[in-house]
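Biologist: I have a new model open and would like to learn how to read it. Could you take me through some of its features, one at a time?

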Amino acid sequence: MSKQGRFATVIVLFLVAVGLVVWAVAAFLTPGTPGGEMDFTTTASAGQPVNITVQTVGAIGFGAHPTWVSYLVKDPTTGAWVQDTSWKLPANTVVHMTVYQYDSGGPLRNQEWGQVQGTIGGTATVNGQTVSVVDSNSGGGVGHTFAVPALGLAVPLPGVSNPNICGAGPCHQSSPHNTVSFEFKTPGPGTYSWQCFVPCGLGYLFGNGGPMGTQNYMGGVLDVVR
Amino acid sequence: MTISAERPVATSGGATTTTERVSWTQRPGIWSQHLGTAIVGAIVGYLLGHWLGNAIASSYPYVQNSGQNVIAVTLGEIFGVAGWLLGIGALNYPLAKLTGRQPAKEVDVQGWSKYFRYSTNHKTVGLQYVVGVLLFLFTGGLLAMAIRTELLNPTTHYFSADTYIKIVSEHGTVMMMMATSIVVGPLGNYLVPLMIGSRRMAFPRIEAFSFWVFTAGYMVIFSALPLGGFPTGWTGYAPLQTQAGPGMIGYLFGFAVIGMGMMAAGFNMAVTIINYRAPGMTWSRVPILVWSLLATSALLTLATPTLFAAGVFGLLDKTAQTAFYVNEHGGSAYLWQNLFWFFGHPEVYIMALPGFGIVGEILPVFTRKPLFAYKVGAAGMIGVALLSFFVWQHHLYQSGINPDMRPLFMLTTELISIPTGFIYLVGMGTLYKAKIRFEIPMLFALALYFNFLIGGVTGVFLSDVPVNVTVHGGFFVLSHFHYTIMGGLLFAFMGGLYYWLPKMTGRMLNKKIGLWHFWTMFVFFNLTFFPMFIIGLLGQPRRVFTYAKNLQGLNDFSSVSAFLLGFSFLIFAFNMVYSLWINPQKAPANPWDSRGLEWQTANPVPSYNFERIPVVLSDPYRYSEPGAPAVADLGDAGLVHAAPQD
Amino acid sequence: MNETHHLRRMTTIWVILSIAADLLGWFVLGPHMPPGRMTETAYHDQLDFNILLMAALPVLIGVWVYMGYAITVWSAKRAPEPVGGDAARGNRRAQALWISITTVATLGAAAFGTWALVVDHGSGGGEGPNPIWAPGGAAQAETAAFSPNSGWTPGQALPVQVIGQQWKFTYRYPTFGGFETSQLILPDNATIVFNVTSLDVIHSFWAYQLGVKADANPQVNDVAYTETKQLGSFMVRCSELCGIWHGAMYNSGQVVTPSAFQSWAQQTEAANAANTKLLPPFAWTYVPDANGANGGYYPNGKATPYSSVEVYGSKNPAS
């Protein structure tokens with residue numbers, strides 16, 4: 001092979017290597033990046049409250065891990081239930097959040113998360129009743145929480161005690177559920193992680209592996225923009 | 001005895017005139033055992049193990065609930081590695097012995113295809129290792145680029161939080177695995193027999209086994225990414241490791257597999273150095289690199305079993321639900337920390353000592369002086385190796401474990417700076433009134449002394465318990481160990497490659513490109529990692545994807561420098577390809593005018609190294625005496641005249 | 001040029017640069033060195049850092065000056081002659097001197113570090129469940145922790161429990177009814193006894209400006225001490241990798257005046273009373289057991305508590 005031929009071969013092999021790297025990044029590293037953000041900045045006029053509707057399901061029923069517990073969010077434009085936990089929100093705006101809780105619950109590992117914290121008024125509405133503390137040792141207990149640690153926001157989502165719980169998401173209103181609503185105000189621009197504080201990853205030590213340790217299931221980020 | 005312990009009867013073109021049955025592995029042509037059959041074996045093994053795991057465990061409650069069968073993954077990985085070794089032919093000899101058959105004869109395959117086979121020739125294994133460790137290094141380096149990309153901005157994320165942790169963990173583990181073998185594997189296997197006047201390593205099959213297990217470890221640790229990654233960093237702390245998904249198996253089993261390779265390589269190296277020295281190669285004439293590899297081998301052999309056991313316990317916790325590391329069931333999370341660091345700190349010196357050995361070889365050649373305080377240097381290496389077993393709890397100062405032991409571990413840790421100081425005594429003494437030639441290997445050697453000094457001095461800060469409160473677990477410690485491992489070992493390894501590749505390949509590396517490589521690597525290494533000391537002191541913990549906004553400037557500076565540092569490795573890669581293949585320039589037999597025994601053999605080195613076993617007459621560092629006798633008597637014919645090789 | 005000239009010249013450069021660097025380090029950088037002077041432990045950690053820096057700078061400069069000198073003065077342009085004479089001999093006195101100096105410096109550093117560790121009551125590091133270097137009042141504070149209504153008055157040591165969980169630190173104030181909160185508020189001029197534990201994996205409680213770092217291990221009460229000296233806010237970060245949101249596991253705390261602390265604690269105690277009733281009684285450690293999806297080592301959705309000891313989320317609340 002001539003010197004030029006060898007040189008060209010090296011260039012081609014280098015490009016192949018770059019291609020492999022790009023493919024590896026795309027295949028294994030990018031899922032769950034905020035590229036697929038759910039945009040709530042355009043759903044309300046400036047200064048007006050933003051509505052977010054989500055549901056929690058005991059088993060998502062589709063995708064790579066159908067048995068995993070997950071949040072689903074209602075697409076504000078199409079109304080479809082989507083598996084996406086990265087939400088783009090306007091800064092310094094009131095967010096009105098409604099959660100349909102379809103999962104069962106139980107005693108909390110740390111009852112601290114049974115207390116409503118950081119919402120406007122320090123309370124939440126569960127099936128029409130105003131609550132500030134949920135006793136996780138009674139009734140259906142607490143199934144999940146919605147918490148943004150950096151904002152001091154934490155809301156318990158009481159568990160469903162009816163045994164006919166929804167088996168696979170997305171669940172419909174016909175299944176037994178609790179409706180929890182609350183309001184909070186977004187801070188200045190930045191990204192803020194949110195998560196569930198109930199160790200609900202079945203089959204993992206202390207319940208915090210699997211869906212609890214993977215974005216797009218039980219945790220995500222609020223991308224707050226101006 | 002099958003390989004070149006005696007001079008072969010006659011070889012030509014890979015055929016042998018002996019009547020013995022030739023091993024399947026060594027047959028010429030495609031219908032034999034090589035990389036291809038190893039890959040097939042690994043795939044078949046993985047599928048078989050995975051199927052078995054599903055058959056056994058798919059009904060277990062925790063498997064059903066999580067939807068992830070770690071037992072299937074574990075068995076898949078174990079069977080996959082077994083299939084890989086079976087496919088390459090590593091098990092031919094032991095299986096024949098076990099079944100009472102006469103093992104087939106193993107001869108040296110000639111031609112380029114030998115690099116894809118189970119070769120028992122130490123020079124082939126050395127070059128295989130060069131490619132192996134560089135593959136590790138470059139993949140780990142790409143992950144480092146991804147880390148620095150994420151840290152460009154404190155709040156905007158390029159990767160999701162879990163993906164970022166997986167990248168960090170994979171980078172750390174891959175680099176640590178690579179660094180354990182980066183010198184012992186390539187340079188150790190190639191050079192030690194030549195330096196001590198032996199025709200081979202003590203256990204050629206174990207040598208080949210160590211390389212092919214090393215490659216299996218590479219695949220196991222990389223399988224972690226498609227299996228979902230692992231979130232624990234390279235330290236793999238339990239019980240987080242017990243909580244993690246199937247990617248964790250790649251880490252635990254990967255370290256066990258790499259550990260087998262480390263133990264095999266270390267044991268082989270130690271036995272070779274102790275027993276295969278040529279007549280006259282007394283302990284006071286042994287080259288300093290060989291001393292450093294002896295100390296390293298002792299650590300590899302004695303420390304790695306702890307890691308292996310720790311990894312197996314972790315696998316059992318994850319699959320059979322034992323509770324070695326789970327406090328609630330009578331185990332202890334401290335057990336992992338103790339086992340891991342009992343290995344982990346000697347490991348740190350596994351990644352430092354060979355670098356000291358390399359610069360010890362390079363300095364006398366380029367200063368035209370004997371190595372200063374040679375005996376103190378050798379003693380320092382042994383001293384570091386011994387002390388390294390008594391310092392592991394300095395990683396646990398803030399863990400809540402026996403506080404009364406802290407003064408002791410502070411003392412032992414700081415004592416290590418005494419033997420490490422010997423290495424500086426050797427270096428600085430050799431430079432004294434020298435005549436320094438600034439060839440590329442010498443530049444890298446000097447850079448080691450510059451970088452390692454910063455790494456070493458910051459180590460004293462870390463070892464001080466009160467100061468450790470602030471610097472533990474932050475970017476300060478991260479920068480510290482990059483300065484010792486990358487600034488020390490990797491710079492030494494690069495110097496070693498520029499120095500010995502002419503011997504190993506018969507081709508000179510281009511000096512002009514080499515200068516570009518050296519200066520970009522040296523400058524951008526320091527610009528990348530020095531700011532990290534400040535970042536750490538200002539309160540940024542390791543392995544975080546968000547950080548304080550006021551640290552963005554420093555982080556960005558570090559990131560941009562890191563990208564340019566990455567570019568310097570592309571220059572290096574280009575130099576390798578350019579000088580070895582695109583435009584090869586034949587190397588002189590002894591381009592640096594070295595007295596080392598390894599340079600006295602023919603070029604290229606014949607498969608049996610020496611016409612007859614040399615008789616060593618003096619130490620290799622007598623550069624001051626113009627009429628000094630030859631380092632060894634190589635036989636009547638002087639230099640051997642080898643049959644031409646490819 | 002003879003030997004003494006080289007050494008004399010190097011020594012002169014080294015002494016001048018070292019003195020300059022040390023003066024700069026001590027007077028310019030020193031007062032700003034982390035972790036600051038917010039607490040007694042932070043102050044000591046900073047002092048120790050600066051003293052090590054004073055020793056480290058001359059070492060760094062010494063080797064750099066030597067190497068720089070060697071590179072500039074002793075370089076050879078072409079294929080050089082062998083170096084002979086005295087320079088080629090292994091000077092025993094130089095070797096002995098080097099070994100002696102490094103040994104003395106090393107032993108000195110270890111002795112100094114030990115002294116600093118002891119006089120500063122563990123220097124803010126976690127000492128585990130049985131601390132051996134405790135400040136005055138620490139023992140009484142640990143006893144008071146089991147008297148839920150003992151409160152706190154200036155001059156007393158304050159016990160605070162830090163509970164690590166994936167992925168947030170929460171804090172219990174045992175002498176104020178044992179309420180739990182996400183806020184960390186501390187009184188000024190007080191000895192603080194941190195009792196650090198975890199409900200799941202290992203975390204590390206790092207209060208940066210306080211000079212406190214203690215790992216949060218499940219089933220372990222890791223005790224660390226500090227004494228607050230300045231008002232202001234400080235940053236808490238987790239410094240042991242604990243999973244996906246490790247990087248987001250931070251909060252800021254505050255040191256406030258004793259009276260402000262007392263009123264905050266009393267108000268929070270009252271505000272959280274309903275929830276405090278549901279918490280388990282204060283204990284040094286808690287066994288993670290039941291959870292929202294019900295209990296178990298590997299939770300399987302069935303209620304199978306396996307432990308009768310103190311359980312966070314047990315069905316036996318305090319009252």
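This is a predicted model: local features need pLDDT of at least 70, side-chain atom pairs count only at pLDDT 80 or more; totals for chains, interfaces and linings use all residues.

Biologist: How do strands β6 and β9 of chain C pair, and over how many bridges?

Modeller: Two strands count as paired if DSSP finds at least two bridges between them. Strands themselves are DSSP runs of E with at least two residues, and helices are runs of H or I with at least four, both numbered from the N terminus. Here β6 (residues 203-207) and β9 (residues 232-238) of chain C pair in the antiparallel sense, over 3 bridges.

Biologist: Is β6(C) buried or exposed?

Modeller: A residue is called buried if 20 or more other C-beta atoms lie within 10 Å of its own, exposed if 12 or fewer do, and partly exposed in between, with C-beta atoms placed from the backbone. By that count 5 of the 5 residues of β6(C) are buried. Both faces are covered: H203(C), F205(C) and A207(C) are buried on one side, S204(C) and W206(C) on the other.

Biologist: Which sheet do these strands belong to, and in what order do its strands come?

Modeller: It is an open sheet of 5 strands in chain C, with the order β4-β10-β9-β6-β7 and mixed pairing. β4 (185-187) and β7 (212-216) of chain C each have a single partner strand, so one side of each is left without a neighbour in the sheet. From one strand to the next, the twist averages 20 degrees. Angles like these use lines fitted to C-alpha atoms, for helices over the stretch in contact, and run from 0 to 180 degrees between N-to-C directions. Helix α5 (residues 258-271) of chain C packs on this sheet, touching β4 and β10 (250-256) of chain C, and its direction makes about 135 degrees with that of β4(C).

Biologist: What about the sheet in chain C with the order β3-β2-β1-β5-β8?

Modeller: That is an open sheet of 5 strands too, again with mixed pairing. Its edge strands are β3 (179-181) and β8 (222-227) of chain C, each pairing on one side only. Neighbouring strands are turned by 25 degrees against each other on average, direction ignored. Within the sheet, β1 (residues 158-165) and β2 (residues 168-173) of chain C pair in the antiparallel sense over 5 bridges, and G164(C) stands opposite F169(C) in β2(C).

Biologist: How is chain C divided into domains?

Modeller: Domain bounds come from an automatic or database domain assignment. For chain C it gives domain 1 (3-72 + 97-124) and domain 2 (149-285). Their C-alpha centres lie 35 Å apart. Residues are in contact if their C-beta atoms, placed from the backbone, lie within 7 Å; here 13 residues of domain 1 of chain C are in contact with 16 of domain 2 of chain C.

Biologist: How many helices and strands does chain B have, and how much of chain B is buried?

Modeller: Chain B has 21 helices and 4 strands, and 65% of its 646 residues count as buried. Among its contacts between residues at least 6 apart in sequence, 81% join residues at least 24 apart.

Biologist: How many residues of chain B are in contact with chain A?

Modeller: 29 residues of chain B are in contact with 28 residues of chain A. α2 (61-66), α6 (161-181), α9 (240-243) and α21 (552-582) of chain B each supply at least two residues of the chain B side.

Technical notes. Residues are numbered from 1 along each chain as its sequence is written. Chains are lettered from A and ligands numbered from 1 in the order in which they are written. Two residues are in contact if their C-beta atoms, placed from the backbone, lie within 7 Å.
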